[in-house]
Amino acid sequence: MALTPFLIGGSDIFDPFNTDSLIFGCRSSDRPSSYARDVAAVANTQVDWKETPEAHIFKANLPGLSKDEVKVQVEEGRVLQISGERRKEETTQGEKWHRVERVHGSFLRRFRLPENVKVEEVKAGMENGVLTVTVPKMQKPSAKTIDITCN
């Protein structure tokens, strides 16, 4: 089953660890008036989230953007935020657009991270229009055997 991002309970944080939000979502009356525009910006910023034994890996398609136009933050403890802006292409005199399908404007994606991550070690890189954010996981401590002494 594929998880699809949507506004949850009046918030824009995707939280796959909250089953109530995945089941119930939000009511249309909770949506702000700019909902359609915001949904278009979110929908056009595609992000994959994969978990490995060592880390959570996010890959965002950001064609045409440079690393200077994208911002990656961890806020509120464990909320990963990817934001930026696609600028509208300028036209010069004598040019005329026949079709504009690429969305421009600000975008923002937020993901609630699980408790077992090392937020101080988050790394981000960008190559060929794909942003990769790696959030390392804390390793479970191995079991320690305690020697029993006799008195």
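Of the 151 residues of the protein, 26% count as buried, where buried means under 20% relative accessible area, exposed over 50%, and partly exposed in between, with a 1.4 Å probe and protein chains only. The model is predicted, so that local features require pLDDT of at least 70 and side-chain atom pairs count only at pLDDT 80 or more, while totals for chains, interfaces and linings use all residues. Residues are numbered from 1 along each chain as its sequence is written, and side-chain values rest on heavy atoms, with hydrogens and water left out. The protein exposes about 11,200 Å², of which carbon and sulfur atoms supply 49%; accessible areas come from the Shrake-Rupley method with a 1.4 Å probe, and for residues only the protein chains shown count as cover.

The secondary structure comprises two helices and eight strands, these being DSSP runs numbered from the N terminus (helices H or I, at least four residues; strands E, at least two). From the N terminus on, the order of elements is β-α-α-β-β-β-β-β-β-β.

Strand 5 (residues 79–86) contains Q81, which is buried at 11% relative accessibility. Its side chain is joined to that of R110 by a polar contact of 3.3 Å, a pair of N or O atoms within 3.5 Å; within protein, one must be able to donate a hydrogen and the other to accept it, and residues adjacent in sequence count only if both atoms are side-chain atoms. Leaving aside residues up to four places away in sequence, Q81 touches K71, V72, Q73, E75, L108, R109 and R110, contact meaning heavy atoms within 4.5 Å.

F107 lies in strand 6 (residues 105–112) and is buried, with a relative accessible area of 4%. The C-alpha atoms of F107 and G84 are 5.5 Å apart, although 23 residues separate the two along the chain.
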